[in-house]
2 protein chains.
Amino acid sequence: MVIDAHGHYTTVPPGLRVFRALQISQMGRPVKSAINISDDEIRASLEKGQIRLLDERGIDVMLELIYRVCKLYPSRFVGVCSLPQSPGVSPGESAQELERCVKEFGFVGCNLNPDPSGGYWTGPPLGDEWWYPLYDTLQALDVPAMIHASATCNPAFHTTGSHYLNTDATAFLQLMESRVFRDFPKLRIVMPHGGGNVPYQAARYRALAIMNKWEPFDDFVKRIYFDTTVYNQDAMGLLIKVVGVDNIIFASEMLGGVNTTDPVTGKSFDDNRRFIDAIDWLTDEDRQKIFEGNARKAYPRLAVLARG
Amino acid sequence: MVIDAHGHYTTVPPGLRVFRALQISQMGRPVKSAINISDDEIRASLEKGQIRLLDERGIDVMLELIYRVCKLYPSRFVGVCSLPQSPGVSPGESAQELERCVKEFGFVGCNLNPDPSGGYWTGPPLGDEWWYPLYDTLQALDVPAMIHASATCNPAFHTTGSHYLNTDATAFLQLMESRVFRDFPKLRIVMPHGGGNVPYQAARYRALAIMNKWEPFDDFVKRIYFDTTVYNQDAMGLLIKVVGVDNIIFASEMLGGVNTTDPVTGKSFDDNRRFIDAIDWLTDEDRQKIFEGNARKAYPRLAVLARG
């Protein structure tokens, strides 16, 4: 089985955009209202997009954000929730929504935005006890958090280019200089975009850990899972080499940041399974870990899926 | 000749720390005063540090920040100035200091901090016309700017770990989505730390350029010089492969971010010339470019140094 741990439901039907625009227009005085989208509209939005591509690329299951998608296609999409985070609001306030999504909807993990201010970084770093109530709930529910930024409001940062990648690298170091994994030994974190800069700058992190007497980099890096959303052969090889096969989870970020065709290869950038297939120093067992086994370790609630 | 384009005079005599502390205590009501440091103190601070290491590692000349150091050792250190940047103050205000350092002191370039707010990113991005008066002066004086952050005041970011590398990547994308190089075709920019994440995430930048109809990544990347301050073999190879030998400038960042010994190799992390020496697909001509030729192209005022 091939599990893709990082999907984006970006092909939403127009009804969702109407609902979001209404929400934003009511900011400060929100009114509850229904989303007017039929199941057929959801099916149409996926069957020409993500599902066609999953089939073409030999991917069985994708971790996704949306409950109704997951109900319509329970063998292809598994839910991962976002949290109602806001600047200045305690992360503990998100615990109830996390519990609802996991227990009522069968979601298997969540997205954690380390910068709810959207590029101004006004909140405490991930090592601060500010975050501990959420870590408590994650550990109690036995679900992981993917550390992933949302949009940036700061014109200094391009959202999917700078802000996403900076956030990965920043969060990695915030955790590295913290005692989070000592205080929450069962907490599981997934880092997207191949860790931002972590594999490329590994020697710098290695040196900083020595200079600051943090846990050695090569031990610390094993406390985190890294997804494979990098899009060329050399980067994929470097990622797996630095992090090690036991901590790599296959993911494509489809349809997300790099939704276009590479003119050199004629293939879509996010058709990235081929880079893993092409690494000749990976064994069949390594590939099984990357494509399925590690995702099942990081997301134990994926046990609802039949093995294969 | 081997030129190192990124040095830090971090081993300053105690008299400088006294002067800086006094400056900070007088913030808002500054008083001009002299720095009380003898030439012998400067010599002592270097001869056991940077100069010993330059000799051990076969590096001839280092680009450095401090005028008196450069006067004492004119064949070993060449000055690069910092600028009096402050949040909200027009970069044009720095033009006079840049001109003074280049014309009076013989400095060959400057440091440009794209985030004078120190981790809050409150200023306009590098593509904004806010920066144009400084680009005008850089072009008129025919000197390059190295884009390099200073300390961060924001607890979200580790200074030499997250903030430096995020700044490199952020500045790269700010320039990529701008028209700066169309408006200033002779402007020369040097990106430190091997470009932060640029070589590792090259495919992402490549895709973003296509999706946003920016100049293709593989053309744009040739508009910028990248230094070699990455510290392992794989990262060095990836950097040179992605950027190309014509845009790589040797540098060690000594004594800076990674001033410690790698227990695996027994060598200092920033003893990084060996990684370039070890790449077997580089020709002698490639190495000459990386170690000397490209620095002379980016910093034409290095013509004061004898060739060799």
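Reader: Is the crossing of H11(A) and H11(B) left-handed or right-handed?

Author: The model discussed here is a predicted one. In it, the axes of helix H11 (residues 233–243) of chain A and H11(B) come within 11 Å. The handedness of the crossing of H11(A) and H11(B) is left-handed.

Reader: How are H11(A) and H11(B) oriented to each other, roughly parallel or roughly antiparallel?

Author: The axes of H11(A) and H11(B) cross at roughly 170 degrees. Angles over 145 degrees count as roughly antiparallel. H11(A) and H11(B) are therefore roughly antiparallel.

Reader: Which residues in H11(B) meet Asp234(A), Leu238(A) and Lys241(A)?

Author: The three residues named in the question belong to H11(A). Their counterparts in H11(B) are Asp234(B), Leu238(B) and Lys241(B).

Reader: Which parts of the structure are included in what covers the buried residues of H9(B)?

Author: Helix H9 (residues 202–212) of chain B has several buried residues, among them Ala202(B), Tyr205(B) and Leu208(B). The cover includes an element of chain A, helix H7 (159–176). From chain B, the cover includes helix H7 (159–176), helix H10 (217–220) and helix H11 (233–243).

Reader: Which residue follows H9(B), and what is its phi?

Author: The residue that follows H9(B) is Lys213(B). The phi of Lys213(B) is positive, near 55 degrees.

Reader: Why does the salt bridge of Arg204(A) with Glu253(B) join two chains?

Author: The closest N and O atoms of Arg204(A) and Glu253(B) are 2.9 Å apart, and both residues are buried. Arg204(A) lies in helix H9 (residues 202–212) of chain A, whereas Glu253(B) lies in the loop between strand S8 (248–249) and helix H12 (273–277) of chain B, so the pair joins two chains.

Reader: How many residues apart in sequence are the parts that Asp271(A) and Arg57(A) tie together?

Author: Asp271(A) forms a salt bridge with Arg57(A), with the closest N and O atoms 3.6 Å apart. Asp271(A) lies in the loop between strand S8 (248–249) and helix H12 (273–277) of chain A, while Arg57(A) lies in helix H3 (residues 50–57) of chain A, so the parts tied together are 214 residues apart in sequence.

Reader: Is Asp271(A) buried or exposed?

Author: A residue counts as buried under 20% relative accessible area. The relative accessibility of Asp271(A) is 15%. Asp271(A) is therefore buried.

Reader: Which residues are linked with Asp271(A) in a network of salt bridges?

Author: The structure holds 34 salt bridges over all chains. In one network of salt bridges, Asp271(A) is linked with Arg57(A) and Asp270(A).

Reader: What separates Arg52(B) and Glu56(B) in helix H3 of chain B?

Author: Arg52(B) and Glu56(B) form a salt bridge, and their closest N and O atoms are 2.8 Å apart. Arg52(B) is partly exposed at 40% relative accessible area, whereas Glu56(B) is exposed at 54%. The two residues are four residues apart in helix H3 (residues 50–57) of chain B, so their separation is about one helical turn.

Reader: Which residue in S2(A) is the bridge partner of Ile3(A)?

Author: Two bridges join S1(A) to strand S2 (residues 61–64) of chain A. In S2(A), the bridge partner of Ile3(A) is Val61(A).

Methods: Residues numbered from 1 in each chain as written. Chains lettered and ligands numbered in written order. Predicted model: local features only at pLDDT ≥ 70, side-chain atom pairs only at ≥ 80, totals over all residues. Heavy atoms only, no water. Salt bridge = Lys/Arg side-chain N within 4 Å of Asp/Glu carboxyl O. Buried < 20%, exposed > 50% of the residue type's maximum accessible area, 1.4 Å probe, protein only. Pairing = 2+ DSSP bridges. Contact = heavy atoms within 4.5 Å. Axes fitted to C-alpha atoms, helices over the stretch in contact; angles between N-to-C directions. Parallel < 35°, antiparallel > 145°, perpendicular 65-115°, else oblique. Left-handed = near helix turned anticlockwise from the far one by under 90°.
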